[in-house]
Amino acid sequence: MFFERPDSGELAVLVHLELSQVELNNDPREFEELVISAGGDPADFISGQRATPHAKFFIGTGKLDELKQAVIQHEAEVVIFNHELSASQERNLEKALECRVLDRTGLILDIFAQRARTHEGKLQVELAQLEHMSTRLIRGWTHLERQKGGIGLRGPGETQLETDRRLLRARIKNIHKRLDKVRKQREQGRRARSRAEIPTLSLVGYTNAGKSTLFNRITDSSVYAEDQLFATLDPTMRKIELAQVGAAILADTVGFVSNLPHKLVESFRATLEEAANADLLLHVVDYVDDERHRNMEQVGEVLKEIGADELPELVVYNKIDLLEGFEPKLDRDEHGKPVAVWLSAQSGQGIDLLLKAVSDLLAQDVVHATLLLQPKFARLRAKLFANNSVLLENYRDDGQSELEIRIPVADLNRILAAESLTASELEFLDPAAATKLAV
């Protein structure tokens, strides 16, 4: 965009090093999947081991010669590293290899740029790209290192590089403003749903775990779902109906990946806030993936970074249709609380168990019952209506009213406390409902 580089192509040489002094190395298999998802065609895979990265080339000089030969042999147009490269390392490698060099962050950004469909998604991708690019501007303007001079060219003394940095900063500032507006709009929507007592469920999980397929299955929607990494980038929300609970909002979110670049987490904060503000997280896990435990840990790391690690969570083990003789099931803890569901989003097996588990979890904090009120409780009746908690009302001949209510336990206890009442003073036609309340 701001500097001249060799045109990129699809034929790629991949580079992965196992670094002994790094606590967690990136998965080489996932790396290859990322390249394919970006539209790349891996021609060769160069691997090796080092204690620490080489300061100039990241890889050693011997490995660099091997990489050169691979680029020439396959006529590769791009070399992709499964690591974070500094701006100088990228510049040195491009000069030595005479082809484009991309690091892991650049690769993920490229995939995100391809997947963004909404205006908000495109803004977030552009922000991440510009912030990544801002550290790499200098190499594009080596032919303009000196300030312009001569007749008619003398001015404020700003170099081309300084001009571009200023324009870049202005554009980043502008995008931040627009994303702040999006964040406020989302917050308004969340407040409206909160006032209407509509719970929100967020699908979270590792990329390609099957979240969008599950979303489509539950909501009867047609959200883009493919067997590739980061098929979903833009958040999608649909209203669903749950037994014992009523209306709820289901949100499909962007998938996570190991060592997700921090700048991406920052850029997509408006999107990820849908997960951070959910009433229940549905953590979708690809059960047939050998790396599922590691992937679950990575999802936990991202949830912690966005402040969603303390939210209630139901684990959804997906893709059981790929296992022979495996039946859907619902796991509960010693208190009978649902903790995990085993299903297939593709075939629909176990979806009924998932909806039952979600209803059970959400209904634990919701009272759905019929309340018999005497005329003296007119103020309580008015407050229940003001709280949008009355589903149906019938009057008896003796002046008492039957109110069918659905209300969170905390809200009902708050209303009762304001009226100096206790649950024991009320008459529930379903006595079991009173047991949820603080007497």
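**Exercise 1.** Find how many residues the largest nonpolar core has and which of them have the most contacts inside it.

*Solution.* The largest nonpolar core holds 26 residues, and Leu 214, Leu 354 and Val 358 have the most contacts inside it. A nonpolar core is a set of buried Ala, Val, Leu, Ile, Met, Phe, Trp, Tyr and Cys residues joined through side-chain atoms within 4.5 Å; buried means under 20% relative accessible area with a 1.4 Å probe, protein chains only. The model is predicted: local features need pLDDT of at least 70, side-chain atom pairs count only at pLDDT 80 or more, and totals for chains, interfaces and linings use all residues. Residues are numbered from 1 along each chain as its sequence is written, and side-chain values use heavy atoms, without hydrogens and water.

Next, the source of the residues: α11 (351–363) is one of the elements that each supply at least two, and α11 gives the largest share, 7 residues. Helices are DSSP runs of H or I, at least four residues, numbered from the N terminus.

**Exercise 2.** State which residues Val 358 touches, not counting those up to four places away in sequence.

*Solution.* Val 358 touches Leu 201, Leu 242, Leu 280, Leu 282 and Leu 314, where contact means heavy atoms within 4.5 Å.

**Exercise 3.** Describe how α2 and α3 pack.

*Solution.* Helix α2 (residues 61–74) packs on helix α3 (residues 87–97) at about 55 degrees, with axes 10 Å apart. Axes are lines fitted to C-alpha atoms over the stretch in contact, and angles run from 0 to 180 degrees between N-to-C directions. In the contact, Leu 64, Leu 67, Lys 68 and Val 71 of α2 meet Leu 93, Ala 96 and Leu 97 of α3.

Technical notes
Buried means under 20% relative accessible area, exposed over 50%, partly exposed in between (1.4 Å probe, protein chains only).
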